[in-house]
Amino acid sequence: MTPAARLAAAAEILDQVIEGTPAEKALTGWARRSRFAGSKDRAAIRDHVFDALRCRRSFAALGQGAAPESGRGLMLGLLRAAGQAPEAMFTGEGHAPKPLSEAEQGPFALPEDAARDLDLPGWVWPLMQQTLGDQARAAAEALRHRAPVHIRVNTARTSVAALQALLEAEGLKVAPVPLVETALEVTGGARRLQQLQAFEDGLFEMQDAASQAICAAIPLAPGARVLDYCAGGGGKTLALGARGGLDLTAHDAAPARMKDLPARAARAGLSVQLASTSELSRLGPFDLVLCDAPCSGSGAWRRAPEGKWLLTPERLDEVRAIQAQILDQARDLVAPGGQLAYATCSLFAAENGDQADAFLARHGADWSEEARLSLTPADGGDGFFLARFRRRAA
Ligand SMILES: C[S@@+](CC[C@H](N)C(=O)[O-])C[C@H]1O[C@@H](n2cnc3c(N)ncnc32)[C@H](O)[C@@H]1O
């Protein structure tokens with residue numbers, strides 16, 4: 001496919017996303033209908049679609065001014081944002097998008113609008129400013145760009161230096177990540193990562209550096225009984241387990257979300273017990289209960305940019321209520337003297353510090369807070385929050 005044909009395909013897919021189809025579904029549907037497209041075409045089209053979702057407001061403004069949002073307008077905006085004249089691609093020749101109409105030629109006179117320029121919904125920008133203060137702009141700007149590819153070195157099986165050398169020998173470009181010592185950033189050849197024998201051999205897992213840093217900030221004694229209460233795919237269960245010598249249990253309110261965990265644990269050489277909600281009180285108490293709670297996902301919006309536009313104030317209130325409920329349920333499973341770790345990948349105080357303060361206000365007689373950690377995308381990984389509480393010994 002020509003670069004112009006790829007733009008036309010991305011515009012078609014974005015039209016479906018604007019109408020409400022999830023981006024992954026729209027991309028898969030397009031690939032099924034378009035067998036002529038090779039893997040490089042599909043990757044380039046996917047990049048266009050996700051770039052447009054990260055920069056949806058500014059691209060729309062640059063591409064079409066006040067006209068109703070369209071995939072075509074977003075692709076015009078993408079080119080203009082990169083300093084390219086769209087006329088060179090929008091030629092109508094072959095499978096290229098048709099030439100620009102008079103109305104599309106602009107220039108568009110646009111009033112200053114920080115939320116639009118930072119590609120955030122209008123109601124979210126003040127929330128981010130309130131939480132992050134003078135770091136808000138850098139965090140919002142980071143969310144407009146692609147996330148780095150991070151892997152977690154399975155230090156139970158290899159060292160960071162040995163894995164780096166092995167990946168470089170395979171032709172990948174790899175560098176350490178200052179945020180956490182178990183992470184490597186892959187800047188070249190990342191698409192091959194999961195086909196490597198080293199992946200099959202459990203020498204590394206795909207995991208954002210901030211997610212690893214959150215796990216690294218939880219101290220655990222050898223032999224500790226650990227419950228990952230909101231385990232999902234088990235990224236944090238495995239990161240904790242890599243320290244070795246822990247007794248690991250994973251739970252999720254939606255058990256199907258843990259379906260890949262047994263295979264991932266086997267690859268990493270770990271044993272993880274999967275537990276249903278009704279089994280937990282019998283299996284407990286635990287020395288650590290980690291609640292990596294459902295949240296707005298705002299710290300990970302560069303990875304999952306659709307979330308930026310789907311979040312509403314009502315949905316935020318709903319997840320806050322779920323977070324408080326999870327903390328109140330999980331605390332009963334912690335042994336006297338044990339820890340409760342509350343984590344989100346949110347950038348909002350309402351889900352982070354406010355939630356931790358409210359927990360202490362409800363239960364401070366039995367719990368003390370030992371640590372808080374806040375990371376934003378400007379720190380190099382996703383935005384993450386951790387509050388670590390300790391239950392008073394009986
Ligand atoms: C942020 S994700 C977890 C990601 C996972 N820890 C990881 O590192 O890959 C949150 C998880 O919480 C689960 N969840 C939602 N409500 C829950 C509840 N009331 N109790 C336990 N888990 C819940 C969701 O199904 C989801 O898998």
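Which loop does Asp 119 lie in? Asp 119 sits between helix 6 (114–117) and helix 7 (124–132); helices here are DSSP runs of H or I with at least four residues, strands are runs of E with at least two, and both are numbered from the N terminus. I will come back to that loop.

First, the ground rules. This is a predicted model, in which local features need pLDDT of at least 70 and side-chain atom pairs count only at pLDDT 80 or more, while totals for chains, interfaces and linings use all residues. Residues are numbered from 1 along each chain as its sequence is written. The protein averages a pLDDT of 95, and 99% of the residues score at least 70; pLDDT is the predictor's confidence in each residue, from 0 to 100. The model has ipTM 0.99 and pTM 0.94.

Next, the annotated domain. UniProt, in an unreviewed entry, places "SAM-dependent MTase RsmB/NOP-type" at residues 139–394. UniProt positions are given in the numbering used here, feature names are shortened, and annotations may be inferred rather than shown by experiment. Over residues 139–394 the chain is 31% helix and 25% strand, with the end C-alpha atoms 42 Å apart.

Now the ligand. There are 16 residues around it, and those that come nearest are Cys 230, Gly 232, Gly 235, Ala 253 and Asp 292. Near means that the C-beta atom, placed from the backbone, lies within 6 Å of the molecule. Two elements, helix 12 (235–241) and helix 16 (313–331), each give two or more residues to this shell. By class, the shell holds 8 nonpolar, 4 polar and 4 charged residues. Nonpolar covers Ala, Val, Leu, Ile, Met, Phe, Trp, Tyr, Cys and Pro; charged covers Asp, Glu, Lys and Arg; the others, Gly among them, are polar.

The unreviewed UniProt entry gives "binding site" for Asp 252 and Asp 292. These positions are spread over 41 residues of sequence but cluster in space, with a largest C-alpha distance of 10.3 Å. Asp 252 is in the loop between strand 6 (247–251) and helix 13 (261–268), whereas Asp 292 belongs to strand 8 (residues 286–292).

Are they buried or exposed? Asp 252 is buried because it has 21 other C-beta atoms within 10 Å, and Asp 292 is buried because it has 25. The cut-offs are 20 or more other C-beta atoms within 10 Å for buried, 12 or fewer for exposed, and partly exposed in between, with C-beta atoms placed from the backbone. For contacts, the C-beta atoms, also placed from the backbone, must lie within 7 Å. Leaving out residues up to four places away in sequence, Asp 252 touches Cys 230, Ala 231, Gly 232, Arg 257 and Met 258. With that exclusion, Asp 292 touches Cys 230, Lys 236 and Ala 343.

Pro 285 is in the loop between helix 14 (280–283) and strand 8.

For "active site", the unreviewed UniProt entry lists Cys 345, which is in the loop between strand 9 and helix 17. Cys 345 counts as buried because 27 other C-beta atoms lie within 10 Å. Its contacts beyond four places in sequence include Cys 295, Gly 297, Asp 382 and Phe 384.

Helix 17 (residues 353–363) has Gln 355, Ala 356 and Phe 359 buried. They are on the same side of helix 17 because they cover an arc of only 100° around the axis, the arc being that of the directions from the helix axis to the C-beta atoms. What covers them includes helix 16, strand 9 (334–344), strand 10 (367–375) and strand 11 (384–391).

Last, the region around helix 4. After helix 4 comes Gly 65, with a positive phi near 60°.

That returns us to Asp 119. Its phi is near 60°, a positive value in a residue other than glycine. Asp 119 is buried because 24 other C-beta atoms lie within 10 Å.

Methods:
Contact = placed C-beta atoms within 7 Å.
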